[in-house]
Amino acid sequence: MGTLMMTLIFIIEVYVGSLSGTAGYILIVFCLLWYARTRLSLIIVGAISTVFLISALLLHFAAIEEVAVVINRILSVVAIWMAITFTFRFNRLYEQQRTKSGQLHALFDNANEGILFADNSGKIILTNPFLERMFGYQRGELAGHDIQALTPEKYQRQNARYLQKYIRKPLNRPVTQEFWAIHADGHEFPAEISLSHFYDKGELFIIAFILDITEKKKHQQMIEANFSRIRNYNIELEDKVKQRTLELEHTNQALQKSQHLYKSMAHYFPDGIMGVLDKEVRYLLVDGQDLKTTRSGDGVAIDNELLGHIRSAIMNYAAGAVGRVFKGENLSFDTAVNDKIYNITVVPIPGNNQVNEVFFVAKNITSQKQLEQDLIKNLEREKELSLLKSRFVTMASHEFRTPLTTILSSAFLMEHYTGKQLDTEKTKHLGRIKRAVQGLTDLLNDFLSLGKLEEGKVHAVYSEINLQQFFEDLLQEIDLLKKDGQNFRFEFLGEIKELMTDRYLLRNIVVNLLSNAIKYSPASSDIEVIAAVTGKQITIQVTDHGIGIPEDEHRHIFTRFFRAQNVNEIQGTGLGLNIVKKHVKLLNGNIDFISRLNEGTTFTVNLPLVTNETNLTKTKVLT
């Protein structure tokens, strides 16, 4: 509506050619400002009025002859914006006042304390809901009543004098007083009132803050009763203290004797240490023959390293076990301290309904533990020897039967052959007898070698040999054991032939590997033997083209008494490769193999090279 009216004034000014509508613009703006409430609406009113005032001025600017008219229009714009600014500030102050008034009302209505306003005659003007609920009245029901209506009749005269005294001489600080209040239903209850005041237009007004102190009184009575009991307890306690003091004196004398006895006992404890710990696992007392001491210029320094180990062991054992000791349980465990072993026993020392200290004994059981270990090792060794004997009896009964049967049958057949038939069959059966005897010899040698190795009686004894000649002689010696058509293909690599080794151990290694190659290879097959001296080691390889070793059994091949599944029909003890590995170890070497099923096997032995120039003392120590 204001915009339409200003538009109408603007059209009249344009057609009439006069700027006589300034007063109308201002009047309309002031009317609009009365209803404007927001900042945006104030700015819109100012902007619209400014546009109309300035637009009409610009349209007639050339025809205006009086400067006063232009100044008047410009001052009108300024006056409008000043009015807008004033209105904006007024609205803001009005909102602040309304907010504060709302906060005060909310504080008054929601206070957790009874509040009332009264005039200087004691008439109640206003009460808050909390006070009305406290006294059992409805909203506004107390307004106009005398403040004495909140007290029993028997106390009203006394309370009236107190109120009049305050009204005649109000203090600048709140005054608190206890009094008896009366509920709307007639029951009385203790209350506490705090009086304050303010002046409005020179007239005095009273503010009263009232609290129901029924619960407070109950607590005070309970406290007084407790204080009375405490006084009685104190009297009884003083009597008991006197009695206990006498008992403590006797106990202290006995304790001093006990401590002297304990210190003497701990000091001469022969195998370890003993002492007392508190709840923080700190040493209160500690002594013992294992607690090494060193004399210095200022006195004696105890073995802190041992004490630190014992304390850490007790603290860290079985997470929470020490806590259980302080609850009355016993604790016992073993721990290692450097090269010694201690058995630690911790027991609680009973106190007054609780355990604050524990007694511990750390006994040195190193010799006992060593004896236990030796006994366990000897027992394991006895078990192994018993198992070895048992397997020997079982295997011997099986393995001896086949070669003995072969010898007996060949001898029996040779006995019944005559003439040319004897000459023809003699060579064949003599070969069978030789192989059977060699098998028995190998079997006995395996068991004898194993027995000596188990007893630790085999040691490397170095002597000088010609490695090439050693292999040529050994192959010629074993040549009689070959199957029909089998051939040895020997190759020696390297310039060094003279070297130091244990002839017996090396011969046993090579003979076992060659015997296996012969045994597990078919007739008319080649067996390659390579002896090489390279750098600082000797490498020996024995390769056959026999039945090979199943891949899933490779890891067991050096195990004592183990035989692969594909050799059950071939005579053997399962000890040969186990003995070979032990002999290789005595020579500070290593052994490995590559095998494929039904294609053959290659065993490789690597030994350190020892010559006349090598320091044999070091080698013997290593073996």
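Helix H6 contributes the most to the lining of the largest cavity in this structure, giving 3 residues, and the model in which this cavity is found is a predicted one.

**The largest cavity**

- Thirteen residues, written here as 13, line the largest cavity, and those lying nearest its centre are Ile147, Gln148, Thr151, Asn159 and Ile193.
- Besides helix H6, which spans 153–168, strand E3 (175–182) and strand E4 (188–200) take part in the lining of the largest cavity, and each of these three elements supplies at least two residues.
- Sorted by class, the lining of the largest cavity comprises 9 nonpolar and 4 polar residues, with no charged residues.

**The second largest cavity**

- The residues that line the second largest cavity are Tyr462, Met500, Thr501, Leu506, Ile538, Leu587, Leu607, Pro608 and Val610.
- Two strands, E15 (498–501) and E19 (600–608), each supply at least two residues of the lining of the second largest cavity.
- In terms of class, 8 nonpolar residues and 1 polar residue make up the lining of the second largest cavity, again with no charged residues.

Terms used. Residues are numbered from 1 along each chain as its sequence is written. This is a predicted model: local features need pLDDT of at least 70, side-chain atom pairs count only at pLDDT 80 or more; totals for chains, interfaces and linings use all residues. Side-chain values use heavy atoms; hydrogens and water are left out. On a 1 Å grid over the protein atoms alone, a cavity is a set of points where a 1.4 Å probe fits but cannot get out, and a pocket is an open set with protein on both sides within 12 Å along at least five of seven lines; lining residues have an atom within 4 Å of a point. Helices (H or I, at least four residues) and strands (E, at least two) are DSSP runs, numbered from the N terminus. Ala, Val, Leu, Ile, Met, Phe, Trp, Tyr, Cys and Pro count as nonpolar, Asp, Glu, Lys and Arg as charged, and the others, Gly among them, as polar.
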